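Subject: Structure handover and findings

Dear colleague,

Please find below the structure that I am handing over to you.

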Amino acid sequence: MAPLFAGPPVLCGHRGLGVGSVLGHGENTLASFLAAGELGLPWVEVDVRATVDDVLVCRHDPVVEDGRFVLDLTAEETDALGLLRFSDLLDGLPAELGLDVEVKSSLEDALRPRERTTAALIGRALAGREASRPLLVTSFDATALTIAREHADVPTGLLTWMR
């Protein structure tokens with residue numbers, strides 16, 4: 001696998017244009033990701049979680065505004081809440097825009113069969129798309145990266161905290 005970043009630091013739109021965008025786009029929305037690309041950012045980062053019926057949605061926080069966990073909601077319920085489906089993001093982004101997919105594994109994933117974890121679902125969603133755009137899968141969970149790579153040949157990055 002060729003190095004993903006071979007030059008100077010690369011700018012990446014965190015959750016699209018980021019939290020509290022001054023341009024009026026909510027984080028992890030298609031409009032936010034498209035706007036970041038239109039502003040010239042070569043990469044965007046998206047947070048991805050799974051629903052109870054194994055649909056991937058773009059959401060940073062594990063709970064929605066009313067306190068329910070994303071993993072306890074159906075895809076239909078997340079649609080009603082306005083959450084972007086990961087499949088719609090993949091279909092809606094220009095091919096030249098790099099995508100850093102952050103696996104947001106929740107504690108509930110530990111109780112799911114390996115093939116139904118968020119990481120496995122992401123890996124399957126990315127399988128076959130490796131050559132269609134620059135891709136990177138990141139997580140604070142090394143096991144999630146291993147599981148994603150079982151399904152797609154994508155570069156991975158382990159996230160960590162520093163003080």
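Predicted model: local features only at pLDDT ≥ 70, side-chain atom pairs only at ≥ 80, totals over all residues.

Residues are numbered from 1 along each chain as its sequence is written, and side-chain values use heavy atoms, with hydrogens and water left out.

Overall form

The chain contains five helices and seven strands, where helices (H or I, at least four residues) and strands (E, at least two) are DSSP runs numbered from the N terminus. Their order along the sequence is β-α-β-β-α-β-α-β-α-β-α-β. A compact globule of 163 residues would have a radius of gyration near 15 Å, and the 15 Å of this chain agrees with that; the radius is taken over C-alpha atoms, and the globule rule is 2.2 Å times the number of residues to the power 0.38. Along the principal axes, the C-alpha atoms fill a box of roughly 40 × 35 × 35 Å.

Of the 163 residues, 42% count as buried. Here buried means under 20% relative accessible area, exposed over 50%, and partly exposed in between (1.4 Å probe, protein chains only). The chain exposes about 8500 Å², of which carbon and sulfur atoms supply 58%; accessible areas come from the Shrake-Rupley method with a 1.4 Å probe, and for residues only the protein chains shown count as cover. Among contacts (heavy atoms within 4.5 Å) between residues at least 6 apart in sequence, 57% join residues at least 24 apart.

Nonpolar cores

A nonpolar core is a set of buried Ala, Val, Leu, Ile, Met, Phe, Trp, Tyr and Cys residues joined through side-chain atoms within 4.5 Å. The largest has 31 residues, of which Val46, Phe86, Leu89, Leu99, Val101, Leu126 and Val137 touch the most other members. At least two residues of this core come from each of α1 (30–38), β2 (43–50), β3 (56–58), α3 (86–92), β5, α4, β6 and α5. The largest share, five residues, is supplied by α4. Leaving out residues up to four places away in sequence, Val101 touches Val46, Val48, Phe86, Ile122, Leu126, Leu136, Val137 and Thr138. Another core, of five residues, lies apart from the largest one and includes Val57, Val70, Leu73 and Leu83.

Helix α5

In helix α5 (residues 142–149), the buried residues are Ala144, Leu145, Ile147 and Ala148. Viewed down the helix axis, they fall within an arc of 165 degrees, so they line one face of α5; the arc is that of the directions from the helix axis to the C-beta atoms. An α-helix has 3.6 residues a turn, so residues three or four places apart point the same way. The cover over the buried residues of α5 includes β5 (98–103), α4 (118–126), β6 (135–139) and β7 (156–158). At the start of α5, a side-chain oxygen of Asp141 comes within 2.9 Å of the backbone nitrogen of Thr143.

Arginines in loops

- Arg15 lies in the loop between β1 and α1 and is buried at 10% relative accessibility. Its side chain makes a polar contact of 3.3 Å with that of Asp47.
- Arg68, in the loop between β3 and α2 (75–80), is partly exposed with a relative accessible area of 32%. A polar contact of 3.4 Å joins its side chain to that of Glu77.
- Arg129 lies in the loop between α4 and β6 and is partly exposed at 27% relative accessibility. A polar atom of its side chain is 3.4 Å from the backbone oxygen of Ala125.

Positive phi values

Which phi does Asn28 have? The value is near 55 degrees, which is positive in a residue other than glycine. Asn28 is in the loop between β1 (12–14) and α1 and is buried at 3% relative accessibility. Asp54, also not a glycine, has a positive phi of about 65 degrees. Asp54 is in the loop between β2 and β3 and is partly exposed, with a relative accessible area of 28%.

Yours sincerely

Key. Polar contact = N/O pair within 3.5 Å; in protein donor to acceptor, adjacent residues only side chain to side chain.
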